[in-house]
Amino acid sequence: MNSPRSRILDLGKNRPSIEILEAGEGPPLLFLHSAGGIYAWEGILPLLTRNFHVYAPLLPGFGQSTGLDRLEDQFDLFLLGFDIIEALGIERPYIVGESFGGWMAAEMAALRPREISRLALAAPVGLWRDEAPVADIFGKTIGELVPYLFYNQTCMAAMRMNMVTMLFSEEDDRSQEQVEILIAMSRGFQTVAKFLFPIPENGLERRLWRIKAPTLIVWGEQDRLISPTYAEIFSEKIAQSEVVKIPDTGHLIGLESPEPYAEAILRWGDG
Amino acid sequence: MKFNWFHLMPYRWLPDNFRELYHGVWVDLPNSLYDPQRGHQLYHEYLDMIEYADQLGFDSIGVNEHHQNGYGLMPSPNLMAAALARRTTKAMILVLGNSIALYNPPTRVAEEFAMLDVISGGRLIAGFPVGTPMDVNYCYGQNPATIREKYREAHDLIIKAWREREPFAWNGKYTKLRYVNIWPQPIQKPHPPIWIPGLSSIETWDFCAANSYNYSYLSFSGYKKAQKMLDGYWERMATLGKEPNPYSCAFAQQVCLSDTDAECEEAWWPHVDYFFNRCLHLYPGMTAPPGYTSEASIRAATVAQAGNTSMNLGTNKSWKELVEGGYIIAGGPETVRQQLEELARSLRCGHLCLALHIGSAPIELTNRSTYIFATEVMPLLRPVWSEWEDHWWPKALPETDRAVPGDRNQAVKTRAERPLEVIK
């Protein structure tokens, strides 16, 4: 349960090359990661394998996946999601998406409503209200982002992120390995920027009505990156939907409160 | 060598506790700090300084583009260049430059630069920067993941717009135009010389080499810190088989001149302090958006030990440290001449962009500095690199063929002041 298999998915010539992490047995669940990628098989991922065969693709720029230059606009990205489903040979999966991945999951469900059986969006990005602006993840230092992402800033993942800030020094004293870590981070972030810079809103709201899959919307009550008030907007616009808010939790729900979060996601998958 | 008098036009009244109050000088610094009435006087004082440099025989005068900041008050350098085109007659006009990926469509740059070239009698040097992340990504919302591609396309369109004599269609990824047909066309054929400002991107070096453009290294860390970077540039030029012509390279250096070495610190320190500790107070969260710098350049910068260039800015340094580190070249004319010659030879640089105005310096100090430079430093440095031909210089109309602003009014004054019917 704790060590996923990794393989590279062949999507054809001149197409992105996608690394898939997978584990567990059961009906197919497609997990779409947040802007941070999948640092380790942690958070909600191992918990989802209790009931599901979890497929977690890494988007171009993350892990071993490449081919961002093949994705010119956001619809290329959404269609890539369907190409991955096709190449995996699975049908009508349950899609769980976190933050950036939640936006992609919602867009996919709106684009081809019949091809997704169930949907769970964990603090998805993609909507915008002037009175509750989504914080700018591209205009902050890593250290400054921590309080936007975590309610409990002494949790393991928050501490790990604070450690990364030490790699950004004014001196040139980084090891080659550290430089590679910085480059890898920047590469993944570039993928996110390509689709969501500078305002993470590109019309999802006008397409939300098309979603037919029963949709669970999960939000951390103390999310400072994307206000929990967006949960209600998603819920109003998606016909069959339910909102679950997780207490004492910030934006990265899976890293802060994996158990109650997984419980809600697994329950929704049973429905 | 050639000498450019370069102005940044910083705002002069950022408060004393500025760094404690605000996280940076750029992007989100509240514009309530800007006083337009003071700004009115300041623009004219700054333009006066530049006009004085023209009168004293500097080869060129320089302006550049920055947005939403207290460090450089020229969101539109072309407006400044237009004002200078009418009020100066001799110096070439270096606009370094227009961030071409910001203009929609980019043919706007082809048009405005052509206007400047025509108005100035062919005195324009056209600069095409990508622009700083603060300017292009955070202020102007360009996507850092695609801006370099957009920049290249804008460049190709502008060059074609200047070269073609028949209307053409442009089906680009970022710009689609059914009819491109630029009026006016520049005086200089096929177009004004092009200078590319850059910091440390290898792609920029290769781009300059491929197009035979001038590479302008504009940092504020001074010539000593630039050595490794420019060594890398010259090595790259050698690899690409380009001749090591010093005029293919421009370098910006801050210079504090006074009558004697002894007087320099007292005269200049407040203004230097203002520049390094207020104007260059940059917020690190907005200097490196993802994708702006290529992986190859990040790796190369690490190898060259140049580090995060944008952060290596000389804040919190004493006068002595700034002078010893080469951030500023300071002293009387002989000291300045010696160090500038060392700079020119060690960096192999034929075009010197001089920041003779720094930070909060008033016009009395700045113009004295300009005067000493023009009379006691410039003539002695002039012969450096005279064995090389400068292929990056405007082919302006001969001075005798250039229009003199106002002359025509003078010529027709008496007729204009008589009743209309007698005019034939």
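Which residues of helix α6 of chain A are buried?

Mentor: Please bear in mind that this is a predicted model. The buried residues of α6(A) are Arg187(A), Gly188(A), Phe189(A), Gln190(A), Thr191(A), Val192(A), Ala193(A), Lys194(A), Phe195(A) and Leu196(A). The helix itself covers residues 176-196, which makes 21 residues. From the first C-alpha to the last, α6(A) reaches 30 Å, close to the 30 Å expected at 1.5 Å a residue.

Chain A also holds an open sheet of eight strands, in the order β1-β2-β4-β3-β5-β6-β7-β8, with mixed pairing. Because β1 (5-9) and β8 (241-246) of chain A stand at the edges with a single partner strand each, one side of each is left without a neighbour in the sheet. From one strand to the next, the twist averages 20°. Within this sheet, β5 (residues 94-98) and β6 (residues 118-122) of chain A pair in the parallel sense over five bridges. In that pairing, Glu98(A) stands opposite Ala122(A) of β6(A). Helix α8 of chain A, residues 229-237, packs on the sheet and touches β6, β7 (215-220) and β8 of chain A. The direction of α8(A) makes about 165° with that of β8(A).

In chain B, strand β4 (residues 124-127) deserves attention. Leu124(B) and Ala126(B) point one way from β4(B), Ile125(B) and Gly127(B) point the other way, and all are buried. β4(B) has a parallel pairing with β3 (residues 92-95) of chain B over three bridges, and Leu94(B) stands opposite Ile125(B) there. The two strands and helix α4 (residues 107-119) of chain B make a right-handed β-α-β unit. β4(B) also pairs in the parallel sense with β7 (residues 194-198) of chain B, over two bridges; in β7(B), Trp195(B) is the bridge partner of Gly127(B).

The nonpolar cores complete the account. The largest has 116 residues, of which Ile61(B), Ile93(B), Val95(B), Phe251(B), Cys256(B), Leu352(B) and Leu354(B) touch the most other members. Leaving aside neighbours within four places in sequence, Ile93(B) is in contact with residues including Ile61(B), Leu116(B), Leu124(B) and Ile125(B). Another core, of 84 residues, lies apart from the largest one, and Ala106(A), Ala123(A), Phe138(A) and Ala264(A) are among its members.

Notes: Residues numbered from 1 in each chain as written. Chains lettered and ligands numbered in written order. Predicted model: local features only at pLDDT ≥ 70, side-chain atom pairs only at ≥ 80, totals over all residues. Buried ≥ 20, exposed ≤ 12 C-beta atoms within 10 Å, placed from the backbone. Helix = DSSP H or I, 4+ residues; strand = E, 2+ residues; numbered from the N terminus. Pairing = 2+ DSSP bridges. Right-handed = clockwise from strand over helix to strand, strands pointing away. Expected span 1.5 Å × (residues − 1). Axes fitted to C-alpha atoms, helices over the stretch in contact; angles between N-to-C directions. Contact = placed C-beta atoms within 7 Å. Core = buried A, V, L, I, M, F, W, Y, C linked by C-beta atoms within 7 Å.
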